[in-house]
Amino acid sequence: MPDLLFKSSVLDTVIDRIEQVGIAIILALMTLITFTNVVLRYVFNDSLIWGLEVTSHLFAWLILFGVSHCFKISAHLGVDVLIMWVSPQLRRLIGLIAAVVCLAYAFFLLKGAWDYWAPFVGLYETTGRWIPTGIDWTTRDRAWYETVQIPMFDFLRFLEPLINQNEPYEKLPRFIPYLILPVGVTLLFIRLVQVTVRIWHGHADKMIASHELEENE
């Protein structure tokens, strides 16, 4: 039954689609923008002035989607030369401890990601240094912050009365590229919960995919 967390649950299917489609689209856009800029620069002596900024944001999205997806496919690397010498029961215990530590770290990341992103969309940060203890009603609104060079798309103009007090955006608002922070860390947290459940139920004994000991033998 615990394997349903990874195989057939609706949640896992949705997350899989988000990660896989997101990564594919991001790679395609980065390639297209970079190729176009190279052609414009060396053939037409021109360039997409916003190209570098867009690819920088896309690269950040790619990393955070990738970190989450790598937990699903066990693609994160690590050194297991020591834990492979211990008994399966102890190995599983070590793996469970590592998973719980990673879960705690991801939780702190999630709080930090929300507190950083929220002011850019006109929302409130949480109080508390380590864990959320409430809502900080004094959060300074940063919804008017824009990207440097990325143009504002007309189909996103509906956001102006909702978020920016009906003030028009000249450039793309920052909360859009920064959205990957809470989204990416949330996906990471969910994947770590799935890994922890797998180890707890004995369907895995570690979080990493490397096998240095077997390779050396």
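Analyst: Helices (H or I, at least four residues) and strands (E, at least two) are DSSP runs numbered from the N terminus. This is a predicted model, where local features need pLDDT of at least 70, side-chain atom pairs count only at pLDDT 80 or more, and totals for chains, interfaces and linings use all residues. Residues are numbered from 1 along each chain as its sequence is written, and side-chain values use heavy atoms, with hydrogens and water left out.

User: How many helices and strands does the protein have?

Analyst: Seven helices and four strands. Along the sequence they follow the pattern α-α-α-β-β-β-α-β-α-α-α.

User: At what angle do H2 and H6 pack?

Analyst: Helix H2 (residues 51–72) packs against H6 at about 10°, and their axes are 8 Å apart.

User: What makes H2 roughly parallel to H6?

Analyst: Angles under 35 degrees count as roughly parallel, over 145 as roughly antiparallel, 65 to 115 as roughly perpendicular, and the rest as oblique. An angle of about 10° falls under the 35 degrees limit, so H2 is roughly parallel to H6. On the H2 side, the residues in contact (heavy atoms within 4.5 Å) include Trp-61, Phe-65 and Phe-71, and on the H6 side they include Leu-188 and Val-195. By class, this contact has eleven nonpolar, two polar and two charged residues. Here Ala, Val, Leu, Ile, Met, Phe, Trp, Tyr, Cys and Pro count as nonpolar, Asp, Glu, Lys and Arg as charged, and the others, Gly among them, as polar.

User: And at what angle do the axes of H1 and H6 cross?

Analyst: Helix H1 (residues 10–43) and helix H6 (residues 180–200) cross at roughly 135°, with axes that come within 12 Å.

User: Why is Asn-45 called exposed?

Analyst: With 71% relative accessibility against a cut-off of 50%, Asn-45 counts as exposed. Asn-45 is found in the loop between H1 and H2. Its phi is near 55°, a positive value in a residue other than glycine. Most residues other than glycine have a negative phi.

User: What makes Gln-165 exposed?

Analyst: Its 66% relative accessibility is over 50%, so Gln-165 counts as exposed. Gln-165 lies in the loop between helix H4 (159–163) and strand E4 (171–173). Gln-165 also has a positive phi, about 55°, although it is not a glycine.

User: How much of the whole protein counts as buried?

Analyst: Of the 217 residues, 35% count as buried.

Technical notes
Axes fitted to C-alpha atoms, helices over the stretch in contact; angles between N-to-C directions. Buried < 20%, exposed > 50% of the residue type's maximum accessible area, 1.4 Å probe, protein only.
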